[in-house]
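These are my notebook entries on a structure that is new to me. I list what I looked up, one topic at a time.

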Amino acid sequence: MDIGRDNLKKISDYVWEIPRAFRSDMRVSARIFASEKMLPEIFRDHSLWQLVNVATLPGIIGSAVAMPDVHEGYGFPVGGVAATEFPDGTISPGGIGYDINCGVRILLSDLSFPDAEGRLGELNKRLYREIPSGVGRGGNLRLDATELDRVLRCGARRMAERGCGEERDLENTESRGMLPDADPAAVSDQAKNRGRGQLGTIGAGNHFVQTDVVEKVFDEAAARAFGLSERQVVILIHTGSRGLGHQVATDHIRKMVDAMERYDIELPDRELASAPFSSPEGQAYFGAMAAAANFAWANRQAVAWEVRKAWEAVFGKERRLSTLYDIAHNIAKVEEHEIDGERRKAIVHRKGATRAFPPGSHEIPEAYRASGQPVVIPGSMGSASYVLAGTETAMERSFGSACHGAGRRLSRKGARREVRGKEVRRELMERGIYVETGSLSGLAEEAPFAYKDIHDVVDAVEGAGLARKVALLRPIAVIKG
Amino acid sequence: MAYEFIEHTADIRMRVSGKALTELFSSALSGMGDILFPGLYKEGMPLDTERNVSIVSADPTVLLIDFLSEVLTLSYEESVVFCECRLEKVENGMLEATVYGRKVSGFKEDVKAVTYHEADITENEEGCLETVVVFDI
């Protein structure tokens, strides 16, 4: 049976609900944030079935939540949020995904587009040379066992200690780039071996380093606080924990599949495998996930350092790039939320969803406390990206979360059927966007038409009150693996 | 080989079948190799790497996913595309196999993981064993 419009109850223009009565094993309702226009696209794949499955997780509270960029994944949909009771509700590695702490960092330059325009092609070539990209490609940093454990414990801070970052980078990174619960001992040797040589690499797929120009500012005060102004050149880095994170998820999902019977957990999909957060399996996964998340923050810090080297080589050492913010979109965190009228801790799973905390939150840097947390939403290569700010409504409706990107609408194979990589490159070049890539077929898979319209997604996020628009970015150069 | 790729919005969904578990597992391994490096494997081509794999899992479906995951990890650790296998034992939740592959300087596709999502070995109308396997890419 398909899930369609008839199964949805309209709560408001941008909020829809699949009631708990829809299926007998649902423990909570499922909520979808989208405009009515976006719904037919969402019905096309298995996203909402996956969301209904998430609603069956033991200990889930509030609702299982889907963002407007939702698309089918495996287990959880991509673009999903689920919170469970702390400390005995379940933690589900599938609710974070294999690319633990995949996320985005945005760097600010002090150059405006007209001043930088003539040298952006040269910058892009240099970025491509400086930053290793592509499938399984190793990096320039090789870590011994002790140093890798330090990175797993201290994340971006360790990179700063090694001279690859500064205090402001850490200040402007979610959780200061370091989750304190990291347990390197819970990370297998296989995972460590896969990650050891991959620090400072972006990988393949939809990961990229992109140079953008601020096209439009919507909220002057927030933009000023974030350091954004029209025509300013900025750089987005999109990557995660690479092979180390993939292996951590694989190892622990396998352990949880075995453990579920012990905890009397029955779920409609093995990929949702979970264990009580407080159980040995739950704690081992949380410690390993936190270590992988730290590795990802160290990775984006290392990539930012490589970006700075390329930038300074082109524009001179006096031209600096500063971090506006670095944010995760595949992660689980223990956070405090108001649940049934009281403030309680919850285990918040975000898979393809971004934390979007409101003004005043003590979790965000002081400089941003009046405006709300910066939320960076990268669009597809060649379309626009957005910087948003978190809101109080997001705390009430989505455990302080917003969307994470445009969201795929067409399969990779489907995109390759429609267009060749060479054509995508030519079209982007004709629009003034420089492209450097190691894989033309990968370029076709990431063609802009393979994604939903980013403007529709962000309009729905703003319409639902989950975040408000601060600035619109237009891409001018991209490198991808 | 008895595998085919079917649509998935973001990842790769493979349908695989075989007359018996040994054939099903063998075809699934070839299919995964075909994702990592399309077109690399041709029947009869020389393979330069062999590794032994032993797995214990709850049931045949979990065993298949755990087997593919284990081989995927080996692939990344050693830069090898594994395309063939000899299964000494696939029964009662236990697998013992020798996998054969070829060293490569890089992969064409970044398979992050083999997932349990939708995997369920059942008998199809032709009397063959069949399942879907979703790969995270």
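**Entry 1: A:R270 and its partner.** I started with A:R270, which counts as partly exposed because its relative accessible area is 27%. The model is a predicted one, and I read every value below with that in mind. I looked for a charged partner and found B:D59, which forms a salt bridge with A:R270, with the closest N and O atoms 2.5 Å apart. I then placed both residues: B:D59 is in the loop between β3 (49–56) and α2 (60–78) of chain B, and A:R270 is in the loop between α10 and β10 (275–276) of chain A, so this pair joins two chains. B:D59 is partly exposed too, at a relative accessible area of 22%.

**Entry 2: where chain A meets chain B.** How many residues of chain A are in contact with chain B? I noted 34 residues of chain A in contact with 34 residues of chain B. The area buried between the two chains is about 2900 Å², and carbon and sulfur atoms give 49% of that area. On the side of chain A, A:V135, A:R254 and A:R270 lose the most area to chain B, together 23% of what that side buries.

Next I looked up the pairings across the two chains. There are five salt bridges between chain A and chain B. One of the salt bridges I looked up is formed by A:R417 with B:E7, where the closest N and O atoms are 3.3 Å apart. I also noted 20 residue pairs in polar contact between chain A and chain B, counting pairs with both residues at pLDDT 80 or more.

Which elements of chain A supply the side that touches chain B? I found that β4 (60–74), α8 (189–195), α10 (242–259) and α13 (412–418) each supply at least two residues. The largest share comes from α10(A), with seven residues. By class, I recorded seven nonpolar, 12 polar and 15 charged residues on this side of chain A.

**Entry 3: salt bridges within chain A.** Over all chains the structure holds 50 salt bridges. I picked a few inside chain A. A:D149 pairs with A:K192, the closest N and O atoms being 3.3 Å apart. A:K192 is buried, its relative accessible area being 12%, and the cut-off for buried is under 20%.

My next pair was A:R408 and A:E446, whose side chains meet in a salt bridge at 3.2 Å, N to O. This pair links distant parts of the chain: A:R408 is in the loop between β17 (401–402) and α13 of chain A, and A:E446 is in the loop between α15 (440–445) and α16 (454–463), 38 residues apart. Both A:R408 and A:E446 are buried.

I also wrote down a network of salt bridges that links A:E147, A:R150, A:R158, A:E161 and A:R162.

**Entry 4: helix α11 of chain A.** I checked the length of α11 (residues 280–315). At 1.5 Å a residue, its 36 residues should span 52 Å, and the end C-alpha atoms are 52 Å apart, which agrees. I then checked burial: α11(A) is mostly covered, with 30 of its 36 residues buried. A:G316 follows α11(A), and the phi of A:G316 is positive, near 100 degrees.

Entry 5: A:N124 lies in helix α4 (residues 120–130) of chain A. A:N124 counts as buried because its relative accessibility is 1%. Which residues does A:N124 touch, not counting residues up to four places away in sequence? I listed A:Y434, A:V435, A:E436, A:A477, A:V478 and A:I479.

In chain B I looked up B:A28, found in helix α1 (residues 21–36). B:A28 counts as buried, at 0% relative accessibility. Leaving out residues up to four places away in sequence, B:A28 touches B:M14, B:V16, B:L64 and B:L68. Last, I compared B:A28 with B:C128: the two are 100 residues apart in sequence and 14 Å apart in space, C-alpha to C-alpha.

Definitions and conventions:
Residues numbered from 1 in each chain as written. Chains lettered and ligands numbered in written order. Predicted model: local features only at pLDDT ≥ 70, side-chain atom pairs only at ≥ 80, totals over all residues. Heavy atoms only, no water. Contact = heavy atoms within 4.5 Å. Buried area = accessible area lost by both parts, 1.4 Å probe. Salt bridge = Lys/Arg side-chain N within 4 Å of Asp/Glu carboxyl O. Polar contact = N/O pair within 3.5 Å; in protein donor to acceptor, adjacent residues only side chain to side chain. Helix = DSSP H or I, 4+ residues; strand = E, 2+ residues; numbered from the N terminus. Nonpolar A, V, L, I, M, F, W, Y, C, P; charged D, E, K, R; others polar. Buried < 20%, exposed > 50% of the residue type's maximum accessible area, 1.4 Å probe, protein only. Expected span 1.5 Å × (residues − 1).
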